[in-house]
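Subject: Two-chain model, with notes

Hello,

Here is the structure we talked about. My notes follow below it.

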Amino acid sequence: MEIRSAAAEGLASCHLCGKVSPVDLGHCPRCQSPLHLRKPHSLERTWCFLISSIALYFPANLLPIMSVSGIGGASHDTIMSGVLNFWKKGDFLVAIIIFSASILIPVLKMIALCWLCFAAAGKTHTSPKNLTRLYHITELVGRWSMVDVFVVAILVALVQVGALSSVLPGPAILSFAAVVILTMFAAMSFDPRLLWDQHVGRDLSDTP
Amino acid sequence: MTEEETHEPRATIHHRRRWSSVWVVPLLALIVAGGLVWKHYAGRGPIAYVRFETAESIKAGVTEVRCRSVRVGIIEKVDLSDDLLSVVAEVRMDPNSEHLLRQGTRFWVVKPRVSGASISGLSTIVEGAYLELEPGDTNLPVHHFDGLEEPPVTSSSVPGLRLTLISEDAGSLSSGSPIYYRGFEVGRVERRTLDITNRRIRFDIFIKEEYSSLVSQGTCFWNTSGIDVTAGADGFKVSTPSFQAMLSGGAVFSVPKGGNVGPPVQDGAVFELYPDEESAQKSIFRPDHRILLFFDQTVRNLSPGAPVEFRGIPLGRVVEISFKHSPPGDSRVPVVIEIDSDTLGKAVEDINDPSKALAECVRRGLRAKLSSASLLTGALFVDLDFVPGAMPAELTKIGEYEVIPTESSASIAQLQDQVKAILAKIEALPLDDTLNKFGTAADEISITVKDLRGTLDEAEGALAEAKKLLARDETQNLTAELQATLKQVRSSVDSLGPEGAMQGDLARTLDELRAALRSFKVLSDSIEEKPNSLLFGREGSGDPTPRAKR
C-alpha cells in the first residue's frame, strides 16, 4: 500500500494553529506564523538536549543530592546510596520506587530518545508504529521524574528544626532537575513525523 | 518544468552545513557537568588513615575531624585493619587542609571522659563524638597516623617545658596528675609509660611556660600522692596534699635545702622522681668515701640505708652488708658505708686539708660503733665518734674501700655506766614529796566520803516523811470524795439524755418553734398571693375599701 504524506504533497501543518496549507505560502494564511514541513532542525535540537542531559546525568548521580544534618553529625546521600540505604533497611518498595523514578526512568528515556533519533535518521529498521508509541510513552513519563526534586524541595522546606535536624539540598539536585527538564525538551523538540518520513520516502521513491 | 521552459537562470541553493546555535546547550551542559564532578572529586582534600584500637563512637560519614573546633574533614570509612587488631579510619580532609597532615600531627577521639583529675568532652554527649586533630611541628607530609587512645593533657603547640621523670614505682601518679611547686599547680603529667628495658616508670610532664624557670638542674621531684604522717618530738604531724592530688596523685618539685639551684634546663631533661620528700632531700647527699667497717658483733637490725652519723649529724648511709668484702678467714661482719667527708672535715677542728680529713680523724681516735636509733624498733645506725683512750690506729685500705676501725658498743663498762646513770636518776626523783601528797589526798577523800554519808541520811529521812504522808487518813479519804464527784457528774449528764428533763424542755421549745414557722409560712404565702395584703390586710377583714361612685 502506498503511503502518501502531506509533506509529499507540499502541505504543511501550522505549528501554532494547526491549519494545513501549502508550504509554498511561507506563512500560515490564518495566523501568519512561519510554515515548515517538519519542525526545523528537529533532530539536531533533540541531539543537543539529549547530550546535555546525558552530561548532567553524571553529576546528578555522583554528587550528594541531599544532606541531612542532625544530632550526631551530618550525612550526605547520593541517589544510589539513598536507594541502598532503603534497601538495607528493608524498605524494598521505597527503594524500588526511588530507583525506578530517579535512575531507571531517566536512563530509559535517554536510551529511547537516542533510539528515536537514530531511527529518524534512518539507521534502524524498526516499525515506525512501535517507535511512535515509544515516543509517546517517553513524553508521557518524562514529567514524573521530577518526583525526586519535589521530595527534596519539600523536605528542605519542612525539616528545619535548627540544631536538632535540618535537610539541605545537595549540588546534585540541580543537575537532576536539569536532566529531567532537558530530556523533556529533547522529547518536545523531536518530530515524530520524521519516523514515518523514512517509510514515506521509500514508498515515494518506489512510486513513479 | 516551467523554469526550463522560460530558460530563466536559476539560483542554485547550497545548503551550507551550519552549526545551529542550539549546540550551545550541550556545550554548556558539558562544561557545567564536568565542572561539578571535577569540583567534587578533584576539589576534595586528601585522605588520611588514622589507626585506633577501637572504633568506639566513630561513625563513618558522620564523625567530623576538627582542629581547635574548626571542621577540617570527615571520617569517610572505618575498616578493620588487616591484622584485625585495630581499626583504620579513613579521614577525608577538607580542601585546603592538606598542610595539616604532617609528621607529628596527632589525632584522638573527643568523647565524654570522666577521670579522677577531670571531666571533659561533655558537649559531645549531645552533638556526638568527633576527632580532634593537632597539627605537628614539621612540614613533612604524612598520610598514615596512629591515633591516641587518650587525649594528650596539653597540646604540643602550647609553649612550656617538657620533662621526663623516672621512677621506680608508678604510685598513684598518672596521666593528668598535677605538678605542684609550693602547693601551686604549675604543670601536669602528660603521659605515663613503663620503660621495659630499664624496668622503670617514665612520666612525661609539662610545666607551663611562665613557671618553667622554676625548674633547674638542682631541682628534685617527689611524689605527693599520699597522706604523710610523721611522728616527731613535738607529736604527730599529718600533712595531706590537695584533695585533687589525693584523688589523682601529684608530684612536687623544689630545690632541696642545701642543694644548689644549678643552671636552667632544656626540654627533654630527665629527672628522678623520688617517692617522698624525705628521700628527695636525701638525694643531694654526695658521698665521696666508700668505707668498709668490720664489726665483731651482730649486725641484726642494721639495714642498708641506715644512717651514718657523727655526733648526731648525718654523714652518710649504710650501703651494703655482705661477706663478699671480707678477707678470707675473717669472721667479722663487713659493712660498707658511704660518707661525705666534707661534713666531717667541717665538724672537726684543726683540719686544713679536707681530702686528708678522714685519715686525720682516725689518727685522733675516730671509731665506728653500732648504736640503737630507736628503742621501739631496735633499729641500729652507725655512729662515728672519737673514743677517748682508743688504741692508736691508721686509716687502711682493702681494695677500693677504706677501713675505719670499729669499737664494740656493748662493752660492760658502758652498760655499767648506763645502769648507774639510770639509778642516779631514780634516786633524784622526789619520792618523799610525792608520797606526802598522796597522804593528804587520801585524807581529803575520807572527808568527802563522810559528807556524802550525811547527805544520804538526809535523803532517807525525806523518803520516810513522804511515806508517812501517804499513810495519813486524809489522803485515803481523797479517793472517796473523788468518787462522789464523779457520781454527780454522771447524773447531770443523764439529765441530758433521752429520758432527762432537759430533753422534754427541748422538745417543747422545738414544737413552739415549728408552730411559729408554720404561721410564718402562712404569712409568706399570703404575701406572695397578694403582696398588698401587707398594707391592706386580707380581703374581708379590716376597713372596707371605699369605692368610687359610678
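Helices (H or I, at least four residues) and strands (E, at least two) are taken as DSSP runs and numbered from the N terminus. On that basis, the elements of chain A, read from the N terminus, go β-β-α-β-β-α-α-α-α-β-α-α, which gives 7 helices and 5 strands. Chain B has 12 helices and 26 strands.

The model is predicted: local features need pLDDT of at least 70 and side-chain atom pairs count only at pLDDT 80 or more, while totals for chains, interfaces and linings use all residues. Residues are numbered from 1 along each chain as its sequence is written, and chains are lettered from A and ligands numbered from 1 in the order in which they are written.

The chains

A residue is called buried if 20 or more other C-beta atoms lie within 10 Å of its own, exposed if 12 or fewer, and partly exposed in between, with C-beta atoms placed from the backbone. Of the 208 residues of chain A, 30% are buried; for the 550 residues of chain B the figure is 19%. Contact between two residues requires C-beta atoms, placed from the backbone, within 7 Å. Among contacts in chain A with a separation of 6 or more, 61% are between residues 24 or more positions apart. In chain B, 64% of the contacts between residues at least 6 apart in sequence join residues at least 24 apart.

The interface

The contact between the chains takes 19 residues from chain A and 20 residues from chain B. On the side of chain A, α1(A) gives the most, with 11 residues. That side divides into 11 nonpolar, 6 polar and 2 charged residues (Ala, Val, Leu, Ile, Met, Phe, Trp, Tyr, Cys and Pro count as nonpolar, Asp, Glu, Lys and Arg as charged, and the others, Gly among them, as polar).

Helix α1 (residues 42–62) of chain A packs on helix α2 (residues 24–41) of chain B at an angle of about 10°, with the axes 8 Å apart. Axes are lines fitted to C-alpha atoms, for helices over the stretch in contact, and angles run from 0 to 180 degrees between N-to-C directions. The two helices are therefore roughly parallel (under 35 degrees; over 145 is roughly antiparallel, 65 to 115 roughly perpendicular and the rest oblique). Residues of α1(A) that meet α2(B) include A:Phe49, A:Ala55 and A:Leu56.

The cores

A nonpolar core is a set of buried Ala, Val, Leu, Ile, Met, Phe, Trp, Tyr and Cys residues joined through C-beta atoms within 7 Å. The largest has 42 residues, and A:Leu50, A:Leu56, A:Phe176, A:Val179 and A:Ala186 have the most contacts inside it. Elements that each supply at least two residues of this core include α1 and α6 (172–189) of chain A and α2 of chain B. Beyond four places in sequence, A:Leu56 is in contact with residues of both chains, among them A:Val179, A:Leu182, B:Ala29 and B:Ala33.

Another core, of 27 residues, lies apart and includes B:Ala357 and B:Cys361. In helix α7 (residues 357–364) of chain B, those two are buried along with B:Leu358 and B:Val362. Viewed down the helix axis, the buried residues of α7(B) fall within an arc of 130° (taken over the directions from the axis to the C-beta atoms), so they line one face. Their cover includes α6 (341–347) and β23 (366–372) of chain B.

Regards
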